Amino acid sequence: MSDQPGQPASPPTSQPDGAPTATATVEAVVATTRLTKRYGNLVALDSMDLMIPRGSIYGFIGPNGAGKSTTFSILATLLLPTGGEARVCGFDPVHDPVEVRRRIGYMPDAMGVYDRLNVAEYLEFYAGAYKVPRDEWDGLIGNLLELVDLDVKRESMVDSLSRGMKQRLSLARALVHDPELLILDEPASGLDPRARVEFRDLVLTLRELGKTVLISSHILAELSSLCTEVAIIEAGRLLAAGSPAAILDQLGHGRQVRVRLADGTEQLHAVADEAAQHELLRRLVVDESLPVVEFAVVSTGLEELFMSITKGVVQ
């Protein structure tokens with residue numbers, strides 16, 4: 001793929017004339033401060049503070065109308081916020097949209113219509129749009145199609161592809177300029193179970209290749225097995241963010257630890273946090289000399305966590 005644009009090298013500075021505002025490389029690929037979007041009296045985003053670590057697969061969870069696509073559109077430079085600010089790969093999407101676009105790959109929930117292009121022509125169009133040198137196109141497109149398992153479809157017309165293939169092609173298009181951050185808006189929507197598994201595995205591969213992925217989905221069980229961290233939003237407000245285990249700790253839900261002894265008996269213990277979990281293990285093994293053969297946190301699925309938080313009730 002083409003060389004990735006150079007990283008910004010100086011601390012944040014205000015540039016009212018619209019010149020690129022560079023910042024030092026930081027762990028947060030995305031950071032927002034009181035990010036707000038209003039449509040008249042409707043508040044689509046309400047003072048959102050968000051931090052997405054570099055190298056993470058970050059799940060954005062919320063019901064329809066929660067503000068997920070609004071957030072994505074602002075980060076992708078497609079929508080202006082009403083208030084607050086954002087930094088994407090160190091740049092401001094409002095004042096430095098060109099710099100942001102060089103560093104992100106955005107995959108919206110609808111692909112668009114390209115009924116007169118074949119798969120290779122579709123990717124060539126975007127390679128040209130991103131000013132990838134012409135002599136690199138053939139190798140780049142071959143590599144991308146191999147990555148998304150569409151190499152045998154190179155000459156196929158885009159509108160002849162299945163929904164799953166179109167989603168993988170759309171992802172290849174988002175990767176054509178080798179971005180740091182991928183923003184995927186409901187990428188598994190409408191896919192059959194096999195296609196969802198294939199897409200999930202592809203996202204995991206992209207993380208292994210060094211990409212940071214911001215992804216939304218209504219399929220919470222899928223995100224649970226995919227994401228390193230999640231953010232839960234409702235009515236434009238960020239309710240919780242972090243790993244599911246960290247969110248439980250933050251909200252005081254505590255943890256349930258299952259202990260199995262050598263004779264097959266099991267115990268279930270409530271602990272407040274990791275420190276209490278460590279103390280429980282020490283007490284069982286050292287103080288009580290119990291033959292512990294299994295000591296595991298009982299997983300709380302994203303569905304239960306989401307329902308608990310959005311209803312404002314500890315389940």
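## Helix α3 against helix α4

Helix α3 (residues 119-129) packs against helix α4 (residues 137-147) at an angle of about 120 degrees, and their axes are 10 Å apart. That makes α3 oblique to α4, the term for angles that are not under 35 degrees (roughly parallel), over 145 (roughly antiparallel) or 65 to 115 (roughly perpendicular). This is a predicted model, in which local features need pLDDT of at least 70 and side-chain atom pairs count only at pLDDT 80 or more, while totals for chains, interfaces and linings use all residues. Residues are numbered from 1 along each chain as its sequence is written, and side-chain values use heavy atoms, with hydrogens and water left out.

Where do the two helices touch? V119, A120, L123, E124, A127 and G128 in α3 meet W137, L140, I141 and L145 in α4, with contact meaning heavy atoms within 4.5 Å. The residues of this contact divide into eight nonpolar, one polar and one charged.

## Helix α3 against helix α5

Helix α3 also packs with helix α5 (residues 163-174), here at an angle of about 30 degrees and with the axes 9 Å apart. That makes α3 roughly parallel to α5.

In this contact, V119, Y122, L123 and Y126 of α3 meet L169, S170, A172 and R173 of α5. By class, six of these residues are nonpolar, one is polar and one is charged.

## Salt bridges around E99

The whole structure holds 13 salt bridges, each a side-chain nitrogen of Lys or Arg within 4 Å of a carboxyl oxygen of Asp or Glu. E99 pairs with R102, their closest N and O atoms being 3.0 Å apart, and R103 pairs with E99 at 2.8 Å. E99 and R102 are three residues apart in helix α2 (residues 97-103), so about one helical turn separates them.

E99 is buried, with a relative accessible area of 15%, where buried means under 20%, exposed over 50% and partly exposed in between (1.4 Å probe, protein chains only). R103 is buried at 3%, whereas R102 is partly exposed at 41%. R54, E99, R102, R103 and E180 are linked in a network of salt bridges.

## A bridge between two loops

K211 forms a salt bridge with D178, with the closest N and O atoms 2.4 Å apart. K211 lies in the loop between α6 (193-208) and β7 (212-216) and D178 in the loop between α5 and β6 (181-185), so the pair ties together parts that are 33 residues apart in sequence. K211 is buried at 7% relative accessibility, and D178 is buried too, at 16%.

Methods
Axes are lines fitted to C-alpha atoms, for helices over the stretch in contact, and angles run from 0 to 180 degrees between N-to-C directions. Helices (H or I, at least four residues) and strands (E, at least two) are DSSP runs, numbered from the N terminus. Ala, Val, Leu, Ile, Met, Phe, Trp, Tyr, Cys and Pro count as nonpolar, Asp, Glu, Lys and Arg as charged, and the others, Gly among them, as polar.
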